Amino acid sequence: MMRVPAAWLLPLFPVGAHAEAANPRGHPNCPCLEYAGLDSYIENGHLIYRPSGTESKYQYPTTYGNFDCQAHDDGLAPFCDQPNAPAWCLQEWCFVDKNNCKGLQYYDSSYFPGEDVHYSYDTCGSANSFTLWYEAGEESNLAVKVVDILEGYLWSSRQLLEEAYIQLSQETLTDQCEYSTMCPCYECIQNEAWKSKIDLKDVGAWISPDVSTKLKRITSCLASGISQGYSKVAAKESEAGKRVGWQYF
């Protein structure tokens with residue numbers, strides 16, 4: 001088991017940066033679609049969005065959500081053309097094929113329900129604050145939505161780690177990989193949120209001394225991948241030193 005305090009990880013990255021650079025066409029494991037196939041929503045050269053429960057309709061470019069990672073909603077009505085538009089209006093995303101999206105989060109389209117259209121912020125290296133914002137307006141159970149997003153992170157981490165474990169098990173490892181045990185803590189400073197001395201810049205693992213040499217080598221190499229995965233989540237979601245959070249594997 002590895003236990004990592006997610007709230008500790010954000011200082012590993014510059015402010016405003018994501019844990020890993022985004023590919024303009026999306027992550028190779030979950031590439032952006034060239035076209036999402038929303039032909040039935042095209043009218044007079046525009047993609048039409050009709051909010052459920054209203055008679056209003058809004059014209060979007062036919063390239064909306066297609067081809068590459070962009071802030072596709074920036075400047076568009078009815079939410080992102082306002083002076084104090086939600087933060088998600090500037091977050092990059094794109095439509096993806098759920099059957100060609102491996103280890104990254106995707107969601108059913110909220111704007112085009114029932115069309116088997118899916119989008120992903122994760123593939124573009126962005127946080128998905130849209131889903132919580134949009135669906136909270138339709139469903140009062142915000143806690144359920146938070147759980148869904150967290151479970152998505154854990155599912156993605158688990159899948160990638162299981163694949164890495166299988167690959168490492170098939171290789172001949174002669175040495176352990178370097179990883180931090182976080183003990184002793186040479187750069188710990190007092191943190192009021194945690195009521196103890198901690199190091200906000202370190203991510204570590206503890207490997208049981210009882211495991212075999214081969215498993216210890218494999219686990220040490222996995223520890224690096226685990227820390228990178230958790231760092232990615234923390235860079236998106238945490239406020240270091242303010243919110244407490246743990247992920248377990």
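Tutor: Begin with terms: two strands pair if DSSP finds at least two bridges between them. Helices (H or I, at least four residues) and strands (E, at least two) are DSSP runs, numbered from the N terminus. The model is predicted, so local features need pLDDT of at least 70 and side-chain atom pairs pLDDT 80 or more, while totals for chains, interfaces and linings use all residues. Residues are numbered from 1 along each chain as its sequence is written, and side-chain values use heavy atoms, with hydrogens and water left out.

Student: In strand 3, which residue does E43 stand opposite?

Tutor: Strand 2 and strand 3 run antiparallel and are joined by two bridges. For E43, the residue opposite is H46.

Student: Which phi does N44 take in the hairpin of strand 2 and strand 3?

Tutor: N44 is located in the loop between strand 2 and strand 3, and this hairpin has two residues between the strands. N44 is exposed, with a relative accessible area of 78%; exposed means over 50%, buried under 20% and partly exposed in between (1.4 Å probe, protein chains only). Although N44 is not a glycine, its phi is positive, at about 50°.

Student: In strand 7, what is the bridge partner of Y107?

Tutor: Strand 6 and strand 7 (residues 118–120) run antiparallel and are joined by two bridges. The loop between these strands holds D116, a residue other than glycine with a positive phi near 55°. The bridge partner of Y107 is Y119.

Student: How many aromatic pairs are there, and what is the angle between the planes of Y60 and Y64?

Tutor: Rings of Phe, Tyr and Trp (its six-membered ring) pair if their centres lie within 6.5 Å; planes under 30 degrees apart count as stacked, over 60 as edge-to-face and the rest as tilted. The count by this rule is 20 aromatic pairs. Y60 and Y64 form a tilted pair, with 4.8 Å centre to centre and an angle of 45°.

Student: Which kind of pair do Y119 and Y121 form?

Tutor: Y119 is buried at 4% relative accessible area, and Y121 is buried at 2%. Their rings are 5.9 Å apart, centre to centre, with 85° between the planes. The pair therefore counts as edge-to-face.

Student: Which residues have the most contacts inside the largest nonpolar core?

Tutor: A nonpolar core is a set of buried Ala, Val, Leu, Ile, Met, Phe, Trp, Tyr and Cys residues joined through side-chain atoms within 4.5 Å. The largest has 21 residues, and the elements that give two or more residues to this core are strand 3 (46–49) and helix 1 (130–136). The residues with the most contacts inside it are L38, Y64, F95, Y111 and F112.

Student: With which side chain does the side chain of D73 make a polar contact?

Tutor: D73 lies in the loop between strand 4 (58–60) and strand 5 and is buried, at 3% relative accessibility. A polar contact is a pair of N or O atoms within 3.5 Å; within protein, one must be able to donate a hydrogen and the other to accept it, and residues adjacent in sequence count only if both atoms are side-chain atoms. At 2.5 Å, the partner of D73 is the side chain of Y64.

Student: Which residues does a cis peptide bond join?

Tutor: One of the two residues, P78, is found in the loop between strand 4 and strand 5. Omega is about 0° for this bond, and the residues joined are A77 and P78.
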